[in-house]
Every structure is written in structure tokens, then in C-alpha cells.
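Student: I have not looked at this one before. Can you take me through the spaces in it?
Tutor: Here it is.
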Amino acid sequence: MMRAVRIKGLSLARGERTLFSGLDLDLESGQAAALLGRNGAGKTSLLRAVAGLLRPQAGTIAFEGPDGAPLEAEIARAEGLHLAGHHDGLKTTRTAWEELLFQVQWTGGTEASARAAVERLDLSRLLDLEVRRLSAGQRRRVSLARLLASPRSLWLLDEPMAPLDAAHRAVFGEILAEHLAGGGMLLAAVHDPLPIPARSVEVGA
Amino acid sequence: MRAFAILLRRELALAWGRGGGPLLALAFYACVVTLLPLAAGRAPERLAALAPGIAWLALALSALLSLERLFERDFEDGALDLLALGPVPLEAVAVAKCLAHWLAAGAPLALAAPIAAVALGASPSIAPLLSVCALAGGLAFSFLGGLGASLALGSRRGGLLVAVIVLPLYAPPVIFGAGALDSLAGGLPWTGGLLFLLAYSAAAVALSPLAMAAACRNALD
């Protein structure tokens with residue numbers, strides 16, 4: 001179980017352009033941080049760097065288990081975090097249920113937990129539809145189901161609520177609050193404020 | 001292991017669902033084989049001599065068909081992020097993808113290859129060896145093809161690039177396989193060619209996943 005993420009002196013570059021440098025961020029169990037900044041400031045890149053998909057130019061990203069014991073980054077990433085962004089990885093020609101179940105099982109959940117997430121996110125009427133027939137908000141709910149169905153402590157979310165309607169934003173706010181209350185951590189790139197108390201981190205200021 | 005099975009099942013479902021998978025490859029194979037008599041003339045003895053060779057050529061080309069999208073789709077829609085953050089390393093993800101490609105396209109083609117060769121006039125006695133060669137060669141085609149597909153990730157006109165990267169790597173299995181079949185037809189010892197083919201396939205299966213995983217990581221960065 002991951003208990004903390006410590007980012008020290010992080011610099012990220014895309015091509016020749018440095019996005020930001022010297023970013024420090026500590027996130028501990030139960031805390032949420034909202035990444036703010038203009039378009040192209042590097043919020044998404046920061047999330048991908050924490051997930052290990054981008055190599056930082058400088059600085060370190062470390063994960064800690066209970067009692068501050070360091071976790072091996074590769075294992076922490078493979079078992080301890082969810083990354084959910086604009087590219088949801090849902091195959092348009094398969095049904096919502098096939099894709100949802102794959103994403104849940106791939107990240108360590110079970111069919112029963114997938115069913116529970118379907119109930120919670122109000123997806124049961126959509127399950128038989130092909131993904132290409134879903135609206136942007138419905139697709140987002142399908143791709144968020146794995147957060148609920150396969151418990152992992154660190155959630156890296158990229159504009160998670162942008163396509164959601166008001167009712168589902170409220171439900172998602174409750175889900176975030178429960179995740180934090182259960183000792184989880186949240187790092188989210190947002191333009192609208194999160195529906196939960198969160199520290200603001202300015203990226204690329 | 002469970003995660004690997006889950007991924008393999010999904011890749012197979014995607015391969016079957018996308019334009020019929022094996023059916024499309026088989027249809028393409030049938031077209032190429034049918035074109036040969038039209039192009040080379042219909043003298044039976046000449047066709048019979050060409051039959052095993054053309055069976056190989058058609059196999060190699062058919063294996064290229066669906067390769068371009070092997071990693072590209074997952075790269076574009078974000079699924080590769082999810083696969084990279086999964087419970088098994090990217091090397092195993094690459095193995096699952098290539099294995100599914102082989103099961104969906106390579107294996108059915110290997111079963112069709114002897115039928116095509118015999119239809120063109122080759123001696124039925126080569127059919128068993130041709131099946132074995134096509135199965136092993138197809139495995140090499142899928143894994144080397146995956147290597148080309150991962151290296152071409154993110155490039156425009158990826159399909160052509162994959163073919164240019166991959167076709168030279170297809171030369172050794174074609175040489176070994178066609179050599180073994182030639183020897184068998186000529187009554188010479190043929191096991192040497194087959195063993196070289198099997199060794200080449202085994203090396204491709206063992207080594208290319210490492211390169212594919214590195215290429216995917218590079219593309220995601």
C-alpha cells in the first residue's frame with residue numbers, strides 16, 4: 001500500500017522546450033493536490049512522469065509505503081496507481097462492458113467489483129452499447145469505473161470531470177472524498193475547482 | 001499469468017473483430033495465390049515448380065496485413081498507457097500481442113498454405129512439411145512484424161515503414177523454409193533447413209519482445 005509520493009526538483013522537457021523545472025511536491029495518504037496552470041504548462045506531462053511514462057530531465061519521484069519505507073518505483077507504479085486522462089484506451093468497436101471489464105481485470109479487479117462500479121456510476125443501461133455510440137461523458141464514466149473497481153492508492157486524473165454533467169460530478173465528488181478518507185491520494189490536473197478540499201499547485205508558473 | 005491470459009483474450013477478440021481477422025488474411029492469401037497462374041502462365045510443370053515458393057511469398061505478405069495496427073491503435077487511443085501500467089511488464093504485453101497476431105492470422109494461414117501449394121500442382125507429399133514450416137515461419141513473421149510495428153510507432157505512413165523494416169528480416173525464414181521444401185521435393189536431406197528455420201523462429205520469439213518493449217517505452221516518452 002502506497003502511503004506517500006515525494007517529488008523533488010523535478011524538471012520536464014518536451015523536445016527542446018523545458019516545461020517547468022525545480023518542482024517540489026509531497027503528497028501523503030489522504031491528501032489531494034489540484035494541478036493548475038495554463039494550457040501547455042505541463043500538467044499532463046507531470047502526471048505522466050509520476051506514472052513513469054515520461055523520463056524527467058532532472059529531479060526524482062519517490063514512492064513510500066507504510067512507515068516511510070521506500071517502495072521500488074516499478075512495483076509501486078504497476079500496482080499502486082491509476083492514470084486516467086483524455087485518451088481512455090477504450091476500443092470503439094467493442095461494447096462498453098467488454099472494455100470496462102478488461103480495464104478492471106487488467107488493473108487487478110474482479111468481475112464482481114466491476115459490477116459494483118457499474119451500479120455506482122449508473123452505467124448499467126450502457127453496457128451493451130459499442131463504445132463509439134457513447135457520448136463523451138458516458139465514455140468518461142466507463143473509463144473511471146476501474147478507479148472504483150480495482151483499488152489503488154494513487155489516482156492521477158487529467159481533467160476527470162470536464163465531460164461529466166452536474167449529477168455525475170456530484171457522484172464523482174463523493175467517490176473522490178471516499179477515496180481520500182480511505183487513505184488514498186489524488187493528483188488531478190484541473191481548470192474547474194475540485195469538489196473536495198485540495199491543495200493548489202501551480203505548474204509552469 | 002492471469003493478467004497475461006486476460007490480455008491475450010482481449011487481443012484475440014480485437015483481431016477477430018477487426019474486419020474478420022483470419023478470414024481477411026485467408027482471402028488475401030487466396031487472391032495472391034490465384035494471381036500467380038495469371039501472371040506466370042498456366043503451364044502445369046512451371047506452376048508446380050513455383051508452388052512452394054509462392055506459398056511462402058504469399059504467407060510473408062499476408063502476415064504484413066494487420067501488423068501496422070498492432071501497437072499503433074493502442075498508442076493512439078491511450079490503451080498503451082494502461083498496458084504499460086499493468087501487472088505484467090511491457091515485454092510480456094508484446095509477447096501477448098504477437099502471439100494473438102499469430103493465432104489469429106499466422107496459424108490459419110499455415111493450415112491454408114499446403115492446400116494452396118497442392119492446388120497449384122505441388123506434390124502432396126510436401127504438405128506436412130509445408131505446414132510445419134509455415135507454422136514456425138509464421139511465428140517468426142508475427143514477432144519480427146511486431147518489432148517493425150513498434151519501431152514505426154507514431155510515424156506517418158507507418159504501414160509502408162513497417163514493410164520496409166520487416167521484409168528484410170523475413171528473408172532468412174523464407175530461405176530456410178523454401179530450402180527445406182526444395183530439398184524434400186528433390187529427394188535430398190531436408191532437416192537442416194527446417195532446424196535453421198526453427199532456430200530462427202525461436203530466436204525471434206525470445207529476443208524481439210525486449211526490443212518491442214524498449215520501442216514502446218520510447219514512443220510513450
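Tutor: One term before we start: a pocket is an open set of grid points with protein on both sides within 12 Å along at least five of seven lines, and lining residues have an atom within 4 Å of a point. Also, this is a predicted model.

Student: OK. What volume does the largest pocket have?
Tutor: Its volume is about 530 Å³.

Student: How many residues line the largest pocket, and which lie nearest its centre?
Tutor: The lining has 22 residues. Nearest the centre are A:G52, A:E74, A:R77, B:A84 and B:R217.

Student: Which element gives the most to that lining?
Tutor: That is α2(A), with six residues. At least two residues each come from α2 (73-80) of chain A and from α6 (90-119) and α9 (191-220) of chain B.

Student: And how does the lining of the largest pocket divide by class?
Tutor: There are 13 nonpolar residues, seven charged and two polar.

Student: Switching to cavities. How many are there of 30 Å³ or more?
Tutor: Six. The largest cavity has a volume of about 60 Å³.

Student: Which elements line the largest cavity?
Tutor: Two or more residues come from each of α3, α6 and α7 (127-151) of chain B. The most come from α7(B), which gives four. Among the lining residues are B:L59, B:H101, B:L109 and B:F141.

Student: How many of the residues in that lining are charged?
Tutor: None; five are nonpolar and four are polar.

Student: You mentioned α3 and α6 of chain B. At what angle do they pack?
Tutor: α3(B) and α6(B) pack at about 160 degrees, and their axes are 10 Å apart. That makes α3(B) roughly antiparallel to α6(B), because an angle over 145 degrees counts as roughly antiparallel.

Student: Is the crossing left-handed or right-handed?
Tutor: α3(B) passes α6(B) in a right-handed crossing.

Student: What is the mean pLDDT of chain B?
Tutor: The mean is 87, and 99% of the residues of chain B reach 70 or more.

Note on methods. Residues are numbered from 1 along each chain as its sequence is written. Chains are lettered from A and ligands numbered from 1 in the order in which they are written. This is a predicted model: local features need pLDDT of at least 70, side-chain atom pairs count only at pLDDT 80 or more; totals for chains, interfaces and linings use all residues. Side-chain values use heavy atoms; hydrogens and water are left out. On a 1 Å grid over the protein atoms alone, a cavity is a set of points where a 1.4 Å probe fits but cannot get out, and a pocket is an open set with protein on both sides within 12 Å along at least five of seven lines; lining residues have an atom within 4 Å of a point. Grid points are joined across faces, edges and corners, and a volume is the space filled by probe spheres set on the points. Ala, Val, Leu, Ile, Met, Phe, Trp, Tyr, Cys and Pro count as nonpolar, Asp, Glu, Lys and Arg as charged, and the others, Gly among them, as polar. pLDDT is the predictor's confidence in each residue, from 0 to 100. Axes are lines fitted to C-alpha atoms, for helices over the stretch in contact, and angles run from 0 to 180 degrees between N-to-C directions. Angles under 35 degrees count as roughly parallel, over 145 as roughly antiparallel, 65 to 115 as roughly perpendicular and the rest as oblique. A crossing is left-handed if the near helix is turned anticlockwise from the far one by less than a right angle, and right-handed if clockwise.
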